[in-house]
Amino acid sequence: MAGRGSSPDFVEALARGLDVLTCFDARRPRMSLTDIATAAGLARPTARRLLLTLEELGYVRGADGDFALTPKVMRLGVAYASSLGLWDVARPHLADLVAATHESSSMAQLDGSDIVYVARVAVPKIIALRVDIGTRFPALRTSQGKVLLAALEPGRLEEVLAEPSRSGLPPFVPNDPDDMAKELMTVRARGWALADEELAPGVRSVAVPVRDGNGTVQAAMNVTVHAAETSMETLLDRHLPRLLRAASDISGDWALWQQRPHAEYGPDGELRPAAGGR
């Protein structure tokens, strides 16, 4: 993983430290020094120094020869979500949508050729996939991914799909690139996308875009159902209209949130930057 920076300002040590953090996942919550060095493509002494630094900073902890992430790592993702303000805006609408549909709903953003879940309100149903904040899936296999890919310019789409997935799932290659292009064109035109057991057996979902104040698609949100319990007709006729309304409300509220003033007066009368203001 190391040695790939091309800019003269690229900090290789920082990149290596991030490589170490991203080695951990649900399948590998605890790893030995040797395993981490191998996964990150680092020499063992280098991996050791990075781990000890991250341990001193509180991002990893070592015990019995293994290392694991600490909850402090969550601050990195929370800082990103907080900087957008999107989760605070979306949370009540997601909760209302789930209360109306009795199905799980999530929001995701594009990261390379994957989607990454940034918000989720779930219902206690048995489904073939475990989804948490930060979970990654290949975008082309998901309804949210199709929405986000459809919003890209053609040249940018090719660049994104050329990036290897970091989801840990087998590489996904469309059966027919022309069919894929036609599907994304249809998604862009109608404003929603379907994924019918494309990611896992029994998992069916519909997704729509969430836009910022400039009308740019910044995220996608979905309703996910179990294919054996919910027909396609129910998904499209009952859940999709509610999903479209929720996404529209979130987009509208987010646009208002982005228009907050640059500064505000605090309780002491002092002028200070507004929380989340632009």
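**Close-up 1. His 102 sits in a loop between a helix and a strand.** His 102 lies in the loop between α5 (86-101) and β4 (104-111). Helices (H or I, at least four residues) and strands (E, at least two) are DSSP runs, numbered from the N terminus. This is a predicted model, in which local features need pLDDT of at least 70 and side-chain atom pairs count only at pLDDT 80 or more, while totals for chains, interfaces and linings use all residues. Residues are numbered from 1 along each chain as its sequence is written, and side-chain values use heavy atoms, with hydrogens and water left out. Is His 102 buried or exposed? His 102 counts as exposed, at 54% relative accessibility. Buried means under 20% relative accessible area, exposed over 50%, and partly exposed in between (1.4 Å probe, protein chains only). The phi of His 102 is positive, near 60°, in a residue other than glycine. Most residues other than glycine have a negative phi.

**Close-up 2. Asp 64 also has a positive phi.** Asp 64 is placed in the loop between β2 (60-63) and β3. Its phi is about 55°, although Asp 64 is not a glycine. Asp 64 is exposed, with a relative accessible area of 81%.

**Close-up 3. Helices α1 and α3 cross.** The axes of α1 (residues 12-21) and α3 (residues 44-57) come within 10 Å and cross at roughly 80°. Axes are lines fitted to C-alpha atoms, for helices over the stretch in contact, and angles run from 0 to 180 degrees between N-to-C directions. So α1 is roughly perpendicular to α3. Angles of 65 to 115 degrees count as roughly perpendicular, under 35 as roughly parallel, over 145 as roughly antiparallel, and the rest as oblique. From α1, Ala 13, Arg 16, Gly 17, Val 20 and Leu 21 meet Thr 46, Leu 50, Leu 51 and Leu 54 of α3. Contact means heavy atoms within 4.5 Å. By class, this contact has 6 nonpolar, 2 polar and 1 charged residues. Ala, Val, Leu, Ile, Met, Phe, Trp, Tyr, Cys and Pro count as nonpolar, Asp, Glu, Lys and Arg as charged, and the others, Gly among them, as polar.

**Close-up 4. Helix α2 has a buried side.** In α2 (residues 33-40), the residues Leu 33, Ile 36, Ala 37 and Ala 40 are buried. They lie on the same side of α2, because they cover an arc of only 100° around the axis. The arc is that of the directions from the helix axis to the C-beta atoms. Their cover includes α1, β1 (30-32), α3 and β3 (66-69). After α2 comes Gly 41, with a positive phi near 70°.

**Close-up 5. Helices α6 and α8 pack together.** Helix α6 (residues 143-150) and α8 pack at an angle of about 85°, and their axes are 9 Å apart. The two helices are therefore roughly perpendicular to each other. Lys 146, Val 147, Leu 149 and Ala 150 of α6 make the contact with Glu 183, Leu 184, Val 187 and Arg 188 of α8. These residues divide into 5 nonpolar, no polar and 3 charged.

**Close-up 6. Leu 240 is buried in helix α9.** Helix α9 spans residues 232-258. Leu 240 has 6% relative accessibility. Leaving aside neighbours within four places in sequence, Leu 240 is in contact with Trp 192, Val 206, Val 208 and Leu 235.
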